[in-house]
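Biologist: I have a model open and want to learn how to read it. Take me through some features, one at a time.

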Amino acid sequence: MMASSYNAKDEDGHITVSGPGGGGTLRGKKPENTAFKQQRLPAWQPILTAGTVLPAFFIIGLIFIPIGIGLYVTSNNIKEFEIDYTGVDMSSPCFNCSQNFSWNSTRPCTCTVPFYLEQPYESNVFMYYGLSNFYQNHRRYVKSRDDSQLNGNVDSLKEPSKECEPYAKHDGKPIAPCGAIANSMFNDTLELFYNDPNGTRVQIPLTNTGIAWWTDKHVKFRNPGGDSSNITASFQGTSKPVNWRKPVYELDTAADNNGFINEDFIVWMRTAALPTFRKLYRIINKTSSMVPTLPRGNYTLEVVYNYPVRSFEGRKRMILSTISWMGGKNPFLGIAYITVGSVCFFLGVVLLIIHHKCGNRSNSADISN
Amino acid sequence: MTWESEGVEKCKGETTVGLEKGKQPNRYFPGNAIKTTKYTLLLFIPMNLFEQFHRLANIYFVGLAILNFVPVVNAFQPEVALIPICVILCLTALKDAWEDFRRYQSDRKLNNTPCLIYSRKEKQFVERRWKDVRVGDFVRVVCNEIVPADLLLLHTSDPSGVCHIETSNLDGETNLKLRRTMSGLCISHPVFEPESFNSVVVCEKPNNNLNHFKCYAEKPDKEKVGAGIESLLLRGCTVRNTDHAVGFVVYAGHETKSMLNNNGPRYKRSKLERKLNINVFFCVILLFTMCLIGALGHFLWLQALPVVPPFLVPDSNGHLDSPSLSGFYMFFTMIILLQVLIPISLYVSIELVKIGQIFFITNDIDLYDEDTDSRVQCKALNITEDLGQIEYIFSDKTGTLTENKMVFRRCSIMGTEYPHKENAVLEEPESEEDIIFDHVPQPPNTRWSLDTEDTNPEDTQHHHGSWRKSKVAGTAQSNVAFSSPLETEVIPDRKLLQQISRAESSSSSSQKIDPYLDFFLALAICNTVVVSMATAQRQRVSAPRLLLILKVFLNCLALSFCSFISGQNRTISEDSVTEGDDFNPPVKTEEPGDINGLQTCSLYAPSQCNMPATTSDNLSYEAESPDEAALVYAAKAYGFTLLARTHDSVTVRLPSGEDLVFEVLDTLTFDPIRKRMSILVRHPITKKFVLYTKGADYAIMELLGTPYAGMCRHQKNIAADTQHHLDCYAKEGLRTLCFTKKIVSDKMYESWLVNRRRALAAIDNREELVMDTAVQLETNLSLLGATGIEDRLQESVPDTIVALREAGIQVWVLTGDKPETAVNIGYACRLLEDEDLVINMSTVFQLTCTSILDCTLEEVRRYSEDPRNVDTTQDISLVIDGRTLTMALSSDLQDRFVDLAKRCRSVLCCRVTPLQKSRVVKVVREKLKVMTLAVGDGANDVNMIQAADIGIGISGQEGMQAVMASDFAISRFRHLKKLLLVHGHWCYTRLANMIIYFFYKNVAYVNLLFWYQFFCGFSGTAMIDYWLMIFFNLFFTSVPPIMFGIMDNDVSAEMLLGVPELYRMGQGCNSISCYIFTHLGLFWFSTFWVSMLDAFYQSLVCFFIPYLAYQDSDIDVFTFGTPLNTISLFTILLHLSIEIKAWTVIHWVIILGSVVLYFIVTLAYSGLCITCNPPSNPYWILQSQMADPMFYLICILTTVVALLPRYHKCYPPCPFNVPLSVLQSSFFMN
């Protein structure tokens, strides 16, 4: 600092010689008298007093309560049915299946869960499977994937990322898809039958496409070698994940839902934020406007019971739900809006009373309004 | 290198230009090229990193980044975790590189400046560069050139061997200093021949003392000749008034005194910054607690799992760590995850904020002084906020409270007082300059109507006019120290004029010198004033045209007057009319218009009218102390004009027009120990050795002797009378000086001279020896008289002091003046009030001091405890003198003194030495643990300025040492008011608020991650993409708080000035955590902790509302994080918006800009990034969220709930209703 100022003076030392009187520049150092430099910019001073705060409270109250009611009503109109088929109880139909389990048993265990829908489901019905106590958000689990492999990168297919360890290679062959997430993919098969009152069992058609994000299916996930018809050849030289029963290229028969772009797989790969979660499994499309999608009555859920949850005290559920613009059924937001709105309104009233009562004493606050 | 053991260096007189390198006798000394850069191009990166890692925070963050590379604990991708710290390091490195490059450029420019070096080959001085100068070279500097290295002056163009230099580059002083050639080296030829110089110069080791140097030259015949600082031309000085000078390089380059003085900027740590560390420490504790919770939670979570679930990923060889080990690792993972709790960008932001604050302070037009064209300077860059916490101000008096423009007011000669009543008339303030024009054109004869007693009104007004005018001229010329005509405004006392003329006539007949004449001779001679012609280059360009015309007119007036009086016709030379800023002649010539007009004119005529105008009219005096200049001007007013001063002679023109040339035998310079100076001259007529001494009265009175036995009684009377007059002067607030004379006999002089020479040649203890010789001679003085010089109070000083006191600041004045003078000034500047109880402490005995202290303390205590005095608080003031102060500050009395001083409203310390000043400051600062500010203008205040928390220098008349040592430099005392009350308050509140906000922001944000750990098995997952987290801190939320720290105005400047009590909110707080919103009433909460709680609350809201809304849905990790991030941004920015007290355009732009930037960057990032940054992979997440109405509903609800408690701040319950608005309304209603 001092060095530089000293130098600076040296620099203009010769100028000083010609007389410290460049008379014109006599007032050279005078600061500019601008609003910015003098900190006099026009400013809005939000002096929050009764006059401004009270209306704010009332406005919040008046806006929030209707929104809350709207949300609450919408949420209530959503029909949702949930059935736990874990088989924890002895009486439960899936108890047997849940008892003897191993990832690679050859004989699939099947159980049938009957249930009754009390209301008809009019619109499209979304079928979810729900898992509890499953920490898909564990730090190392979340990491255990190779996005470039899933994006169809051939090099990553051959040499999966280190993040996939220890599910990167099996017997020297690269695993496709690698990683713990893929390895632990949900593999129960759920089928839904409607027990017609006349005794026939009608299988309800379940659509397995359109359940994943469009961007995931078309941008993020790609089979290696593009959309070539020979998907088996693309995965040549790779091994299936250890826990899987069939390789990735046999997930579905349809070519546009096979391999990495299988939507069940894509849905699973979008790791859930919380330990209790649901994932979209199938969509039951409304067939005609006359008949409800799911009429009232008895149904049977047939489960090919593969997925073990007893090891971590988890639960498996099947959920049938209609959805609205606000997604699935969740009354919380509506209640929260109503509560906050009411609290604000109430506060506003209380403050108004206080203000009114102490108005004489604090009239100074009004002056500054 | 010939460093000798006793600390001297030798250099041989050789010219090296033209010699081969190996043969140079002085080749071991460093060259003159300087290098002030810190780094070299190659080593920049390692050296800069090394510098930066001195900062603990940087090490912490690098440590964390490295920790992230350990696979078992990493929380993020290791490379990504390096980004924030790298950005911070790079920014700092860039700044350093830029500064260094600037230094490099200026070095190169300096090193390549041309200069003249003697070349042995070419037998003449040749042009070379500064960097070619080596120790031992002969360098020739011409007028107005800058000296390239420290030169021992050997020869100058001046026949008497003197050289004037201006040291403004070194210490900012613009007055000329005298340097003389080394005596005794017999190089007195008109043309200097370097090759004839064959001595060896031995000088002390390089040191940084600018005022001290010693060396000797050993001639071939082994004779040693000594020299001191008076023969040294320092590098960086400018040669003035001397055609050329030749010197011998003794120190070059980095060994020169000016370079050794370049210590770089002072680093002071502000109080707030020190307290900041405590808060950082709390954050560290918080961080560790959170990490422990995480580690423990992870351990318990793992323990509770019955078997290995599929979501638990083993390491690469299929092995799973035990729960306890995993928990241990998790601790470190958590540290990495939650590291942002310690705000990485806080330090950088604080620096930026302070730069902004300084920008606004220096640009304040109210702190700009028109007269000196100077702004406030901020030298310490990092203590702006301390300005808002000052509790004690220690002020110097002279030059700080007063103008330090000395005006001769009264004098007492031989016991007779001459009150100079006419001078007092000038004092009346008068602002209309028009008056000059109104009254000047009057016919001259009305003005010297033979009115004996009172000056008539017109006369007065005319004085006014001319006084006004000369003040204007003075401002135009202010660059020249003390040469402004203001000091010349002395109207001679009529009685004294008569007295002089009588003395003159009598002395011309008899050879005996009259004491009256002696007195004025002493005034004119006994000083170190340098006479320079107004036509010299240093003079400012002429005064405004109008004044010039006026001046011509007045000159004519004066001329006609003179000719009228003396009946002679005179001509005036052209240049006196057209040139020169001096208005003196008219004023003076008009003055003798009294009954003695004719007689007076006989005194005046020669000096004023008869002489070529260039000699006396264009004289300007440059003195190191303004008193001296005032005295010389006073002498001039009485016709004793100091015409010239050279090294060994002084020329004085007597009233009779006769020029006397005194041979100056020696000058015993002023020093603070002797408190006097003397000059020894040989009287040209009587040929006697005469010693004139002037000094402080107490330093002189005890040296008065009785040279003439017969006059003993008479002398005593004179001394008593003079002392009486001195006391009167002091009571009026005048500065007093005594003048004495002593005739030294030839014999005495001879013997003294031997001692003196020996002392001057001494290398060791030279100062002491020289001083001893001075004391030897200054004995048995005979008193001539005393002078009273007035030092006007600066404008608005009383206002400022009252305002500062209302702001709760205690003002102490520490002065070297006499108690009477100081008390008088104290009343004048309202430091003391009439109704005050003034305690006077002045004693010589320790015991008395103790008892006085005890008694007063008891009394004061009793007084303040007395219930009757609750309402009538009489203010107590303490006046203490230097000697008593020393005792009071001794270790056993210190506590009592401080206790007493604490209860006093104001304290006045008189006759204190610079060292005592700093000691007072230190004691108060340490004992009372308060923030202190010292303000002063002179070299004697430097100690005090450096001892205080904030040192303020006033760039006034006494050079620049105080300014150099200070943290802030102002030009007027009244600027202190706005600097403290407005800028201090603003800087403090702004910075304190910003720091608190910074902590709040980080805690609020990081806690989101922490709450999430409860739902992911404490596994250290972040649900927000790491890049977005970095951007969040680096871009989206960094600018608004900086702007907040620079620009927020919680209270307007007008109100802060109008209600000084508002300043108190900054005081008495031990930390920012106790920084209280006093204006919000009685909420005596610590804001830091309130903010921390608020941050916790907000993070809870921001996490759990989305959590509950998305519970049991199919939301994925990073989709869940997106609304959290957005909500956080809104909450944090809206929280700031509530804190902002005044919204300007800039605020709107920055806050809205931040929001817009967030959305643009995040949308672009999640639109372009398909497989990048695994595992977060933000592709299309925000887009899909923004298409979902739930996102907006959640954002709105959460933000409102999070900020709901903030409303309490906006609308406190009515019993404590906003005093601020009360104040505001009452203020504006007034």
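Biologist: Which residues of chain A does UniProt list for "transmembrane region"?

Modeller: UniProt positions here follow the numbering used for this model, feature names are shortened, and annotations may be inferred rather than shown by experiment. The unreviewed entry lists residues 47-73 and 332-354 of chain A. Keep in mind that this is a predicted model, where local features need pLDDT of at least 70, side-chain atom pairs count only at pLDDT 80 or more, and totals for chains, interfaces and linings use all residues. Residues are numbered from 1 along each chain as its sequence is written, chains are lettered from A and ligands numbered from 1 in the order written, and side-chain values use heavy atoms, without hydrogens and water.

Biologist: How much of residues 332-354 of chain A is helix, and how much strand?

Modeller: Helices (H or I, at least four residues) and strands (E, at least two) are DSSP runs, numbered from the N terminus. Residues 332-354 of chain A are 100% helix and 0% strand.

Biologist: What is the strand order in the open sheet of chain A?

Modeller: Strands of a sheet pair through backbone hydrogen bonds, either parallel or antiparallel. Two strands count as paired if DSSP finds at least two bridges between them. Here four strands run in the order 2-9-6-7, with antiparallel pairing. Strand 2 (109-117) and strand 7 (201-203) of chain A each have a single partner strand, so one side of each has no neighbour in the sheet. Neighbouring strands are turned by 30° against each other on average, direction ignored.

Biologist: How many bridges join strand 6 and strand 7 of chain A?

Modeller: Three, in the antiparallel sense; strand 6 of chain A spans residues 189-195. Phe193(A) has Gln203(A), in strand 7 of chain A, as its bridge partner.

Biologist: Is Ser234(A) buried or exposed?

Modeller: Buried means under 20% relative accessible area, exposed over 50%, partly exposed in between (1.4 Å probe, protein chains only). Ser234(A) has 17%, so it is buried. It sits in helix 10 (residues 231-234) of chain A. A polar atom of the Ser234(A) side chain lies 3.4 Å from the backbone oxygen of Pro224(A).

Biologist: Which residues are buried in helix 26 of chain B?

Modeller: Helix 26 covers residues 819-828 of chain B, and Thr821(B), Ala822(B), Val823(B), Ile825(B) and Gly826(B) are buried. Just after this helix, Arg830(B) takes a positive phi of about 60°.

Biologist: What is the mean pLDDT of chain B?

Modeller: pLDDT is the predictor's confidence in each residue, from 0 to 100. The chain B mean is 76, with 77% of residues at 70 or more. Over residues 534-615 of chain B, pLDDT is below 50. The model scores ipTM 0.91 and pTM 0.77.

Methods:
Contact = heavy atoms within 4.5 Å. Axes fitted to C-alpha atoms, helices over the stretch in contact; angles between N-to-C directions. Polar contact = N/O pair within 3.5 Å; in protein donor to acceptor, adjacent residues only side chain to side chain.
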